[in-house]
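Hello,

Here is the structure I promised to pass on to you. Please have a look at it first, and then read my notes below.

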Amino acid sequence: MEQQLMPPDYCILKQQMQELGRFPFARVGSIGCSVCSRQIFSFSVGTSAERVLFAGAFHGMEWITTMILLRFARRLCEALRDRTTLAGEDVTALLQKRGLCIIPCVNPDGVAIQLCNPEKRWQANARGVDINHNFDAGWCELRELEIESGITGPGPTRYGGPCPESEPETAAMTRLCRRHCFCQALAFHSQGEVIYYDFGEHTPPCSLEMAQRMADAAGYQVAKPEGLAVGGGFKDWFIDCLRRPAFTVEVGMGENPLPIEQFEPIYQKLEPMLVLALHL
């Protein structure tokens, strides 16, 4: 039975993570805490040491990405339990070759601020730092662009913080990636139905082909970011620091926050791509 669709406030997120933890083959934990001491939950499945990382809700308004990742985690667990396929793939066989780690909500404080104040447009964390501008990849250059654009201090969006990795949410993600050898990472944002794949000279040669295959599976486009969307992001840091493929997936179309009514059609387009990403 499908659960009633509700925005993923912290109580709902915690409840759904607890439900996922009841599957015997799933591992649910935390990679750290937010500014306001909310847990940054993690979900892992699969026995292989080689793993893929999915992460969502770097931005408060983009809470629909948390719903997508929670749905996918549950669908994976049900397919494993029932020994059924997902998007035509034998997920039991897939997850024996490559595991999966999901961080459904990197920025739980930002999501809470947005959900409690729907009239606001809030992307940042509780200190007014944009998590996806706070990673140490082209941070100095991005900071100059922020200042040129009039972004000089904490606010709802695009302020990269006083220094790279100044925020506990950013530090939790980099610590996770340094501890585990993820073969690739997907960061989920909204909106635009595009996939970004490159950052600087360390972009792996295979990244464009991988991005195109994922885009084809979802009916999305491959693109390159511009301006204030370049640098400081998780995808950028993963490529620049770890020199492995990483992608930003902009889900859905419209104005953030995307309405919850769009969730089902967005998810239906994405599920084949999410399964494909496990074995690219």
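Arg38 is partly exposed, because its relative accessible area is 24%. Please keep in mind that the model is predicted. The partner of Arg38 in a salt bridge is Asp109, and their closest N and O atoms are 2.8 Å apart. Asp109 itself counts as buried, at 1% relative accessibility. Arg38 sits in the loop between strand E1 (27-33) and strand E2 (39-45), while Asp109 belongs to helix H4, so this pair ties together parts that are 71 residues apart in sequence.

In general, side chains of opposite charge can pair when their charged atoms come close.

Glu255 is exposed, at 58% relative accessibility, and Arg121 is partly exposed, at 42%.

The other stays within helix H2, where Glu78 and Arg74 lie four residues apart, about one turn of the helix. Their closest N and O atoms are 3.3 Å apart. Glu78 is partly exposed, with a relative accessible area of 23%, whereas Arg74 is buried, with 13%.

The largest nonpolar core has 58 residues, and the members that touch the most others in it are Phe54, Phe72, Leu100, Leu270 and Met273. Helix H2 (residues 64-82) supplies the largest share of this core, eleven residues. Another core, of 25 residues, lies apart from it and includes Phe182, Ala187, Trp237 and Phe238. If you click on Leu100, leaving aside residues up to four places away in sequence, you will find contacts that include Phe43, Val45, Phe54, Phe72, Leu76 and Leu278.

Beyond residues up to four places away in sequence, Ile131 touches Phe58, Val106, Asn107, Asn125, Glu167, Glu169, Thr170 and Gly232. The C-alpha atoms of Ile131 and His202, which are 71 residues apart along the chain, are separated by 22 Å.

Enjoy exploring, and do write back with any questions.

Best wishes

Note on methods: Residues numbered from 1 in each chain as written. Predicted model: local features only at pLDDT ≥ 70, side-chain atom pairs only at ≥ 80, totals over all residues. Heavy atoms only, no water. Contact = heavy atoms within 4.5 Å. Core = buried A, V, L, I, M, F, W, Y, C linked by side-chain atoms within 4.5 Å. Buried < 20%, exposed > 50% of the residue type's maximum accessible area, 1.4 Å probe, protein only. Helix = DSSP H or I, 4+ residues; strand = E, 2+ residues; numbered from the N terminus. Salt bridge = Lys/Arg side-chain N within 4 Å of Asp/Glu carboxyl O.
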